[in-house]
Amino acid sequence: MPYFQPNQEAFNFLKHMILVGGNVDNPWGKDDFLHYVTHLDKQGKSDDWMFDSFAFWHFKSPKGGYLYSDVNIGTTKNGEGNFYAVPAPNPGNLADWEAIIDWYFMPDVFADALNQAINAGIETLGSPKHKRNLIITIPYPGPLQSKFGTIDGAPLNFSVQGQNLQHATEARLVACKWFINRVIERFSQQNYEHLHLLGFYWTFETIHRSWDIDDHWLLKELYQYIEQQGKKFFWIPFYSSYNIHQLDNYQDYYFHSAFLQPNYMFYKDFTGVKDAAKAAEERNAGVEMEFYTANNESMAEKEERLKRFDCYLEGGILHKYMKESAIAWFDGGKALYRIYHGSDEKEREYYDKIYQFVNGSYTLS
């Protein structure tokens, strides 16, 4: 079976999807996006198009509630040493979910800023062949949320306090459907000239079921509902035997498209990207490229990060995913912007290397 193919008409020709977000106090503006929408030469002029798809996500709402699934209460990051994930302690409520939608569609940030950046690129490069894709993350309906708010006259409880698991999961589904409908409505009201709302993204990086939570049933229902709206559903699981199993026939049950994280960037004992690339290719999934700058992650292999990222770039040629797979990108949030403007000339070179990978011209050194 091939990788998840790039340039499919049904996915509005998606090839490279970048994750946009992170911390709630760090909005994206037109200038931030311009470094991703187009490739900038050393004089700051756009000389080619770059990323074609943008997935918005955030840990927290502007009102403070968590939109992500879990938090790490251990002493290390990304699976090294004392990494201990627990359910988000303050899961977002209806006001939090509404607030993130409002933020994404405010003037001059996020969707509007992305549209402006594309327009700026057009002034220099002419119009791209296709509109750029927008993908919006569905907030994770956390199992500790017992007082989410009222939708269509019904108060929603995501927990198993005072009810069984099925009722809790049905409440989570009602909330997710409300969010999908609200995003589609708000997007249509804006009439962005250069954006296409391709679909929705699920951030929890595994599919979980236990005594008090059932993501399997929820995702199966969401998959069908999103399809009924003419949209696509995306997932980027971390590399593990369980998640590889979940990718078996995933397009029949859960998601329209998935990208597998190799996690070589973050786990010291991993030996490369080959196994993850093979697992993705065998299951019609894409590959995620993982990059970050020196100042926004702390982990044991930090000094190896550029060498390790070279392995991702080289793997694109050795394992053929540079040209044969659609690609998702994680850069920690505005990493490309920072390295473009940074003083480290060696790191600055990676802005151009990433561009070369995106346009398929990267070669082994």
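**Core and helix packing in a predicted model**

Me: What does Trp-202 touch, leaving out residues up to four places away in sequence?
Reply: In this predicted model, Trp-202 touches Ile-138, Tyr-140, Pro-141, Cys-176, Asp-215, Leu-218, Leu-219, Leu-222, Phe-233, Phe-234, Trp-235 and Phe-255, with residues up to four places away in sequence not counted.

Me: And which residues touch the most other members of the largest nonpolar core?
Reply: Phe-56 and Trp-202 do, in a core of 121 residues.

Me: Which helix gives the most to this core?
Reply: Helix α4, residues 165-190, gives the most, with nine residues.

Me: Let us stay with α4. At what angle do α4 and α5 pack?
Reply: The angle between α4 and α5 (residues 215-228) is about 30°, and their axes are 10 Å apart. The two helices are therefore roughly parallel to each other.

Me: Is their crossing left-handed or right-handed?
Reply: The crossing of α4 and α5 is right-handed.

Me: Which residues meet there?
Reply: From α4 the contact has Gln-166, Thr-169, Glu-170, Arg-172, Leu-173, Cys-176, Lys-177, Ile-180 and Asn-181. From α5 it has Asp-215, Trp-217, Leu-218, Glu-221, Leu-222, Tyr-225 and Ile-226.

Me: How do those residues divide by class?
Reply: The contact of α4 with α5 has eight nonpolar, three polar and five charged residues.

Me: Thr-169 is in that list for α4. Is Thr-169 buried or exposed?
Reply: Thr-169 is buried, with a relative accessible area of 2%. Leaving aside neighbours within four places in sequence, Thr-169 is in contact with Asp-214, Trp-217 and Leu-218.

Me: Now another pair, α8 and α11. How do their axes cross?
Reply: The axes of α8 (residues 305-318) and α11 (residues 345-358) come within 12 Å and cross at roughly 15°. That makes α8 roughly parallel to α11. Their crossing is left-handed.

Me: Which residues make this contact?
Reply: On the α8 side they are Arg-305, Leu-306, Phe-309, Asp-310, Tyr-312, Leu-313 and Gly-316. On the α11 side they are Lys-346, Glu-347, Tyr-350, Lys-353, Ile-354 and Phe-357. By class, seven are nonpolar, one is polar and five are charged.

Me: What about α2; how many of its residues are buried?
Reply: Helix α2, residues 94-104, is mostly covered, as eight of its eleven residues are buried. They are Leu-94, Asp-96, Trp-97, Ala-99, Ile-100, Ile-101, Trp-103 and Tyr-104.

Me: What covers those buried residues?
Reply: The cover includes the strands β4 (53-58), β7 (132-137) and β8 (149-151), together with the helices α3 (110-125) and α4.

Me: A backbone matter next. What is the phi of Asn-191?
Reply: Phi of Asn-191 is near 55°, a positive value in a residue other than glycine. Most residues other than glycine have a negative phi.

Me: Where is Asn-191 found?
Reply: Asn-191 is in the loop between α4 and β10 (195-202). Asn-191 is exposed, with a relative accessible area of 66%.

Me: And what is the phi of Asn-284?
Reply: Asn-284 has a positive phi of about 60°, although it is not a glycine. Asn-284 is found in the loop between α7 (274-282) and β13 (286-290).

Me: Is Asn-284 buried or exposed?
Reply: Asn-284 is buried, with a relative accessible area of 14%.

Notes
Residues are numbered from 1 along each chain as its sequence is written. This is a predicted model: local features need pLDDT of at least 70, side-chain atom pairs count only at pLDDT 80 or more; totals for chains, interfaces and linings use all residues. Side-chain values use heavy atoms; hydrogens and water are left out. Axes are lines fitted to C-alpha atoms, for helices over the stretch in contact, and angles run from 0 to 180 degrees between N-to-C directions. Helices (H or I, at least four residues) and strands (E, at least two) are DSSP runs, numbered from the N terminus. Angles under 35 degrees count as roughly parallel, over 145 as roughly antiparallel, 65 to 115 as roughly perpendicular and the rest as oblique. A crossing is left-handed if the near helix is turned anticlockwise from the far one by less than a right angle, and right-handed if clockwise. Contact means heavy atoms within 4.5 Å. Ala, Val, Leu, Ile, Met, Phe, Trp, Tyr, Cys and Pro count as nonpolar, Asp, Glu, Lys and Arg as charged, and the others, Gly among them, as polar. A nonpolar core is a set of buried Ala, Val, Leu, Ile, Met, Phe, Trp, Tyr and Cys residues joined through side-chain atoms within 4.5 Å. Buried means under 20% relative accessible area, exposed over 50%, partly exposed in between (1.4 Å probe, protein chains only).
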